[in-house]
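I opened this notebook to record what I looked up in the model.

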There are 2 protein chains.
Amino acid sequence: MSIKLKAITNPPTWEELSIRLKKVRTLMKEQDLDYYISFNPVNIYYLTNFAFYVHERPFILIIEKKGLPKMLIPRLEKGHFESRARCELEFVIYYEFPARSGENWYDHYQKQIRYDAKVGIESELPIGIVNKTPGEPIVSDIIDEIRIVKTDYEVGRIYHACRVVNKGHKVLLKKCRPRVLEFALYKEVTDAMTSKIVQDIPNANFRATETTGAVWPPSISHDPHLIPHIFTPMEEGGPHVSIVSAQVDGYGVEIERSFFLGYVPENAVKPFKIMLEARALAYNMLKPGALMSKVDKAVRAFITEKGYGDYIIHRTGHGLGITGHEAPFLAEGYDRPLEKNMVISVEPGIYIPGIGGFRHSDTVLITEEGYQKLTKAPETLEEVTIPI
Amino acid sequence: MSIKLKAITNPPTWEELSIRLKKVRTLMKEQDLDYYISFNPVNIYYLTNFAFYVHERPFILIIEKKGLPKMLIPRLEKGHFESRARCELEFVIYYEFPARSGENWYDHYQKQIRYDAKVGIESELPIGIVNKTPGEPIVSDIIDEIRIVKTDYEVGRIYHACRVVNKGHKVLLKKCRPRVLEFALYKEVTDAMTSKIVQDIPNANFRATETTGAVWPPSISHDPHLIPHIFTPMEEGGPHVSIVSAQVDGYGVEIERSFFLGYVPENAVKPFKIMLEARALAYNMLKPGALMSKVDKAVRAFITEKGYGDYIIHRTGHGLGITGHEAPFLAEGYDRPLEKNMVISVEPGIYIPGIGGFRHSDTVLITEEGYQKLTKAPETLEEVTIPI
């Protein structure tokens, strides 16, 4: 039973960001923290809507129990920050890195935090910043934790982002023919997605926007993290494996398919079928309350039972949200139940050197009743065998 | 007196990477460290030639006093790593993140390091990894330190990268006319640079390659870190400020210019002249032995004396190498002498709201005698006033 979703393209409202901040403070209270420090650009984006890349000039968000969050930034970024932020903040400005004695970022930073305080920090916080942080540092990934379950606004953004990759994948399958080069495919697919993004969101933030489209032809599709050479030609047969992913004005999603050009080699039929069955098995388990480790375990057991256990080289899925790769994980060792409004990839894979890679990936929403696929592309062997 | 440079486009040899590793071990010895741990992808690239982005599956380089460095990676990345690495390594492979109890990355990691050891770590190392590191952690940015002075091989790579941005900037100035949109310029400039890159380096690593070309038209050029909206039109007059930068198969460089379309507004003449003079002053100080803080101080003093002190919003320059933004810095607070084979930007800027931004930036090599500009574009007011 499918639920009706609405694609959202506007930036978060002040209310949306206030809800997120409130959640942070609820966890701060539960953990008896006086401050929470965020340095991870993804977490700062989540709370402020301001995107940046980390360089030598630090950007640090300082959240107290009450009052406006403080944002420590270099002077150079104030206008930029104000142009994108959708929440109220107090700025703490330092001039430059490095600066004259007494005027460095940490001189300003240290004035914001009491020395007797309990200070929550991200496990990603660099030791160089931990060492400059007053008070007692307590590692607790509060913002990462909150990001695991999406708000309805986020679901609407992700749903829109999925339409972008659906379009990209359609273009990819249309253009992918034997002898077409990786480079040409990349260009067609990313151009198509970028066009859609700027049409739908004219003010899209390109610091939080990125598109990728690539195909692993059969000679390398058994090695899914080997980046294909740009002059790699597509081949007859298969399995090819496509990856179309995008971060669309802040929301990251993906769609991937094993597919064939012209014909299906005989030795590819069985692993493709097992992959589809493993995938169906995973989907059947998706609903609030199901333990994520159990899904992965069941998928692995099934593939192993069918004789392909040696060809499993990754977990069944990962979360997506404001990045394309984050918690939660459909993985053994991740003993947490699925919840409504989690967004995950489902992508059990089988990788056989000499034959190729078998993996479909979709971006999937966990709903009250079970799940809903947000991405759409051909799935069955018949559908993914493209006439040439 | 200009020295003859040769553009290099081939990946580093085993010898080149051995020299870098040897420098790390020399500093380890001086600092009495038993191990050095690198997590920063830029530093790992510097020592191995393997580029990746940081996600939840950690990649950690473990260097002991002797023997092959060890590289902790997820199973999924082994083929990818081997396809790009240009040094000898011992792989320590973990299956996935997260994994079953006893099989996580840190279980493997902790077996590689003695508990009574002194372990050098980067100031960027996340606290979550510091807390899993056996032994006594000692923050010391050894690899960052070594990267500050380039090898001759690196100078050749950077020289080549500068030819790429020179080409991009030429295209930019040719295409930039009133009413042309940011988006169109970006596309022309990045396409031109990407074409040159793949012609010169067919096997370029696109995980370590990126091109950017943008113009801040006069209405926003006073705010140099405000990312222009993609539908921003160019205007008559100026100052416009261009940024053309690229990371070319691992080496990052930039060229930037203030320029005018059709005419120079009267109130822009003086600040442009002062910027050029400040720049000449900086160049005149560039030679091995000159204190970098003094260069910045002299530039600021000059601009302030001319009445524009309130409009300085950043330091005089930064280093470039395998990133486009790194140590060393032409900045007050950075009391270190210039050395032969440092590569820095020289870009004193004046930013006047209502008038615009005045900044030329070049990528500059420090030579035995002084300096050599590696990037090339028009400089004088006459040269940067483009007829329309």
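**Entry 1: strand pairing in chain A.** I began with β5(A), which pairs with strand β6 (residues 136-139) of chain A in the parallel sense over 4 bridges. Strands here are DSSP runs of E, at least two residues long, and helices are runs of H or I of at least four residues, numbered from the N terminus. Two strands count as paired if DSSP finds at least two bridges between them. In β6(A), A:Pro137 is the bridge partner of A:Val119. I then found that strand β1 (residues 35-38) of chain A is joined to β5 (residues 118-121) of chain A by 3 bridges, and that these two run parallel. A:Ile37 stands opposite A:Ile121 in β5(A).

**Entry 2: provenance.** I note that this is a predicted model, in which local features need pLDDT of at least 70 and side-chain atom pairs count only at pLDDT 80 or more, while totals for chains, interfaces and linings use all residues. Residues are numbered from 1 along each chain as its sequence is written, and chains are lettered from A and ligands numbered from 1 in the order in which they are written.

**Entry 3: A:Ile37 and the core.** I listed the contacts of A:Ile37 (C-beta atoms, placed from the backbone, within 7 Å). Leaving out residues up to four places away in sequence, A:Ile37 touches A:Ile60, A:Ile62, A:Val119, A:Gly120, A:Ile121, A:Leu125 and A:Thr133. The largest nonpolar core has 217 residues, and A:Ile37 and B:Ile37 are among those that touch the most other members. Such a core is a set of buried Ala, Val, Leu, Ile, Met, Phe, Trp, Tyr and Cys residues joined through C-beta atoms within 7 Å. Buried means 20 or more other C-beta atoms within 10 Å of the residue's own, exposed means 12 or fewer, and partly exposed lies in between.

**Entry 4: the sheet in chain B.** I traced an open sheet of 6 strands in chain B, in the order β4-β3-β2-β1-β5-β6 with mixed pairing. In chain B, B:Ile37 stands opposite B:Ile121 in β5(B).

**Entry 5: a second sheet in chain A.** I found 4 strands forming an open sheet in the order β7-β8-β9-β17 (chain A), again with mixed pairing. The edge strands are β7 (210-216) and β17 (385-386) of chain A. Strand β9 (residues 251-261) of chain A pairs with β17(A) in the parallel sense over 2 bridges, and A:Leu261 has A:Ile386 as its bridge partner in β17(A).

**Entry 6: the two chains.** How many residues does each chain give to the contact? I recorded 46 residues from chain A and 46 residues from chain B. The side of chain A that touches chain B draws two or more residues from each of α3 (78-84), α5 (127-130) and β11 (326-330) of chain A. Because 100% of the interface residues of chain A are also interface residues in chain B, the copies meet through the same surface.

**Entry 7: symmetry.** I superposed the copies by least squares on C-alpha atoms of residues with pLDDT of at least 70 in both. Chain A is laid on chain B with an RMSD of 0.0 Å by a turn of 180° and a shift of 0.0 Å along the axis. That is the relation of a two-fold axis. Of the residues of chain A, A:Pro126 comes closest to the rotation axis, its C-alpha at 2.1 Å.

Definitions and conventions
Contact = placed C-beta atoms within 7 Å.
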